[in-house]
Amino acid sequence: MFMAAAFALGASAQLNVVKEAERAMKANKSGEEVVKMITPAFTNPETEKLAQTYYVPGKAYVQQYDAQLAKRALGQLNGKDSIAMCDQLLEAYGYLTKALPLDSMPDAKGKIKPKYSKDIINILSGHFNDFDQTAVIYYLAGKYPKAYEAWGVYAAIGSNPKAIKEIVKTNPAYVPDSILPNVYYNQGLAAWQTEDNKNALKAFENAKNAGYNKKAVYDNMIALASIIGDNEAVLKYSEEALPLFGHEDDMYIQQIANYYLQRKDFDNAFKAINQAIEKNPNNAQYYDVLGVLYENHNESAKAKEAYAKAIQLDPKNAKALFDYGHILAAEAYTLIDGAPTLQSEYNAVFESKIRPVLLQAAEALENAYSVDPDNMDTLNYLESIYYNLNDEAKLKSVKQRKL
């Protein structure tokens with residue numbers, strides 16, 4: 001009997017703590033003060049599952065945020081205080097969203113009588129755009145994890161059916177499909193800033209699924225999937241991007257081809273590039289990729305033909321010029337290895353068969369160098385070619401360019 005009375009007294013004491021904290025909230029005490037008062041109720045069996053226990057500090061933080069927001073509008077907050085203001089809004093969200101499901105729990109009689117839900121929904125929807133502004137403040141201040149969190153809250157509220165009903169009352173033009181894709185995209189950028197690559201990738205994926213259909217989202221997902229080492233995802237995003245943006249960027253077909261090349265899956269590699277060429281037959285880079293596939297498949301003649309086609313379509317394509325030059329050089333070296341050892345016979349073969357190929361290779365590689373002088377492999381090939389041609393003047397020129 002005594003123990004039961006003591007337990008009831010303890011429970012009553014915790015309920016009094018909640019009520020005292022509520023009075024402090026109504027007196028506009030800070031969120032920090034209210035939380036300090038109500039903290040024992042968070043772990044007491046009689047109060048830890050009461051919506052009121054979390055609604056009270058959440059409401060206190062909202063009031064504190066609103067007061068600081070008014071000061072900011074008057075230019076009375078410095079940068080540090082603005083960050084603290086943003087922290088208050090996120091704290092409010094954490095407590096209020098914990099209170100919300102508890103407010104829908106049945107009482108001792110099995111009845112559901114929500115007391116705080118309407119106000120919580122009104123608070124969150126009423127501060128909807130504030131979460132976006134909060135994320136921007138965090139982002140500009142370099143608080144990227146917080147920016148990621150705030151944009152996540154903004155998206156969560158903006159996609160909640162009950163909150164949307166309240167949002168459109170003050171903003172009839174609000175359409176989630178026009179807002180959320182950019183929010184997820186910004187969230188991805190925030191996560192990427194701190195190399196939180198998995199969450200960044202997830203956010204960009206959410207942006208894409210929500211309707212963000214710009215090239216940048218695919219490029220970012222491919223880059224992040226590559227960093228993470230998820231080659232299956234790289235293939236997936238590249239295949240999705242290819243029909244949308246393949247006409248302006250050859251990266252997607254290259255990623256697809258590389259995926260299959262690494263697995264020696266030439267059937268699918270050739271299938272992918274041939275389909276791409278069929279849809280865009282004037283894309284020089286596609287033919288260069290085709291040449292790479294043929295070269296890796298030990299079909300040098302077809303590779304050379306593909307590289308030549310690429311150059312025909314784009315005479316300034318540095319990679320195609322380099323690839324065409326290096327495969328010609330390889331052809332010349334093969335001829336050299338198989339040439340007669342007798343000097344007179346060798347000279348005859350060199351002049352009739354080897355020299356023309358070396359000169360053709362040199363021309364392609366010089367053109368490649370003129371377009372892309374930063375590719376040192378081009379000069380390495382030219383140095384070897386001019387050495388074999390016994391062209392001292394051009395050999396000297398190459399060595400000077402390498403300095």
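# A tour of pocket, salt bridges and rings

Begin by selecting L242, A272, Q275, A276 and K279, which lie nearest the centre of the second largest pocket, a space lined by 15 residues. The elements giving two or more residues to this lining are α12 (231-245), α13 (251-262) and α14 (266-279), and α14 gives the most, with six residues. This is a predicted model, in which local features need pLDDT of at least 70 and side-chain atom pairs count only at pLDDT 80 or more, while totals for chains, interfaces and linings use all residues. Residues are numbered from 1 along each chain as its sequence is written, and side-chain values use heavy atoms, with hydrogens and water left out.

A pocket here is an open set of points on a 1 Å grid over the protein atoms alone, where a 1.4 Å probe fits, with protein on both sides within 12 Å along at least five of seven lines, and lining residues have an atom within 4 Å of a point. The second largest pocket holds about 320 Å³ of space, where a volume is the space filled by probe spheres set on the points, which are joined across faces, edges and corners. Colouring its lining by class shows seven nonpolar, five polar and three charged residues; Ala, Val, Leu, Ile, Met, Phe, Trp, Tyr, Cys and Pro count as nonpolar, Asp, Glu, Lys and Arg as charged, and the others, Gly among them, as polar.

Rings of Phe, Tyr and Trp (its six-membered ring) pair if their centres lie within 6.5 Å, and planes under 30 degrees apart count as stacked, over 60 as edge-to-face and the rest as tilted. F270 counts as buried at 13% relative accessibility, and Y294 is buried with a relative accessible area of 16%, where buried means under 20%, exposed over 50% and partly exposed in between (1.4 Å probe, protein chains only).

Next, keep helix α15 (residues 284-296) in view and select D288, whose partner K319 lies in helix α17 (residues 318-337), 31 residues apart. The two form a salt bridge with the closest N and O atoms 2.9 Å apart, the term requiring a side-chain nitrogen of Lys or Arg within 4 Å of a carboxyl oxygen of Asp or Glu. Which of the two is buried, and which is partly exposed? D288 is buried at 0% relative accessibility, whereas K319 is partly exposed at 37%.

The structure holds 15 salt bridges. Among them, K59 and D119 meet at 3.1 Å, N to O, and this pair links helix α3 (residues 51-73) with helix α5 (residues 117-126). Then display E205, K208, K236 and E240 together, as they are linked in a network of salt bridges.

Finally, select F42, Y54, Y61 and Y95, which form one aromatic cluster, and then R263, which lies over the face of Y259 at 3.7 Å from the ring centre. A charge sits over a ring if NZ of Lys or CZ of Arg is within 6 Å of the ring centre and within 35 degrees of the ring normal.

Key: Helix = DSSP H or I, 4+ residues; strand = E, 2+ residues; numbered from the N terminus.
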